[in-house]
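Please read them with the structure open.

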Amino acid sequence: MLDRRAFLVLAAPLVLAKGVAIADEATLQQIVGEVTAANFDALWRFAERSMNQIIGLKISCREHDSETASFAAMSIHGVFGIVSRENKSQRVLGFPDGFSKSLGTFHADGFYRVSLEERGFVGLTPVPDAEVAAKQVKRITLDELAGQKS
């Protein structure tokens, strides 16, 4: 179970890692859609495979703030996280920055560097627009992503 304290411990290195720059490809993939319990695993696996790369996200996720639910989306001390728990494992996408919330829904709309993977926690830090301005973008819906095999 991922409690609030464990979430913050896992997110701390992510906050410290902001600003780390690593070379990346000329074409970026941007994932678009609403994150649900049904498609979260595909999004998490995509982010994990994109370690140290820049990915685009234009996603939303309804707030589910529960420490016992199998799927949750919450903000704790300024860090937004989407959490999936299955059996004794957990997977988290964490955003220390680069998200907003309106009417009970979180939004991440921008480009992020996948910068940390530890014990199921994948961190995403926003990158400046100037870093991605000349890049081509290939949009992929969450439904398409969830239909792909890894």
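1. Helices here (H or I, at least four residues) and strands (E, at least two) are DSSP runs, numbered from the N terminus. This is a predicted model, in which local features need pLDDT of at least 70 and side-chain atom pairs count only at pLDDT 80 or more, while totals for chains, interfaces and linings use all residues. Residues are numbered from 1 along each chain as its sequence is written, and side-chain values use heavy atoms, with hydrogens and water left out.

2. Is Thr105 buried or exposed? Thr105 has a relative accessible area of 16% and is buried. Buried means under 20% relative accessible area, exposed over 50%, and partly exposed in between, with a 1.4 Å probe and protein chains only.

3. Thr105 also has partners from elsewhere in the sequence. Apart from neighbours within four places in sequence, Thr105 is in contact (heavy atoms within 4.5 Å) with Ser60, Cys61, Arg62, Glu63 and Ser100.

4. On the overall layout, the protein has 4 helices and 9 strands. Read from the N terminus, the order of elements is α-β-α-β-β-β-β-β-β-β-α-β-α. The protein has 150 residues, and 42% of them count as buried. Among contacts with a separation of 6 or more, 69% are between residues 24 or more positions apart.

5. The accessible surface of the protein is about 7,900 Å², and carbon and sulfur atoms account for 49% of that surface. Accessible areas come from the Shrake-Rupley method with a 1.4 Å probe; for residues, only the protein chains shown count as cover.

6. Strand β4 (residues 79–86) deserves a look. Why is β4 described as largely enclosed by the rest of the structure? The description applies because 6 of the 8 residues of β4 are buried.

7. On one side of the pairing, strand β3 (residues 71–76) joins β4 in the antiparallel sense over 6 bridges; two strands pair if DSSP finds at least two bridges between them. Met74 stands opposite Gly81 in β4. The two strands form a hairpin with 2 residues between them, and His77 in the turn has a positive phi of about 50°.

8. Strand β5 (residues 89–95) also runs antiparallel to β4, with 7 bridges between them. Phe80 has Phe95 in β5 as its bridge partner. β4 and β5 form a hairpin as well, with 2 residues between them, and Asn87 in the turn has a positive phi of about 55°.

9. The whole structure contains 6 aromatic pairs. Rings of Phe, Tyr and Trp (its six-membered ring) pair if their centres lie within 6.5 Å; planes under 30 degrees apart count as stacked, over 60 as edge-to-face and the rest as tilted. Phe95 and Tyr112 form an edge-to-face pair, 5.4 Å centre to centre with 85° between the planes. This pair links distant parts of the chain, with Phe95 in β5 and Tyr112 in β7, 17 residues apart. Phe95 and Tyr112 are both buried. Ring pairs also link Phe80, Phe95, Phe99, Phe106 and Tyr112 into a cluster.

10. Lastly, Ser50 sits in the loop between α2 (40–49) and β2 (54–62). Ser50 is buried, at 5% relative accessible area. Neighbours within four places in sequence aside, Ser50 is in contact with Ile55 and Val114.
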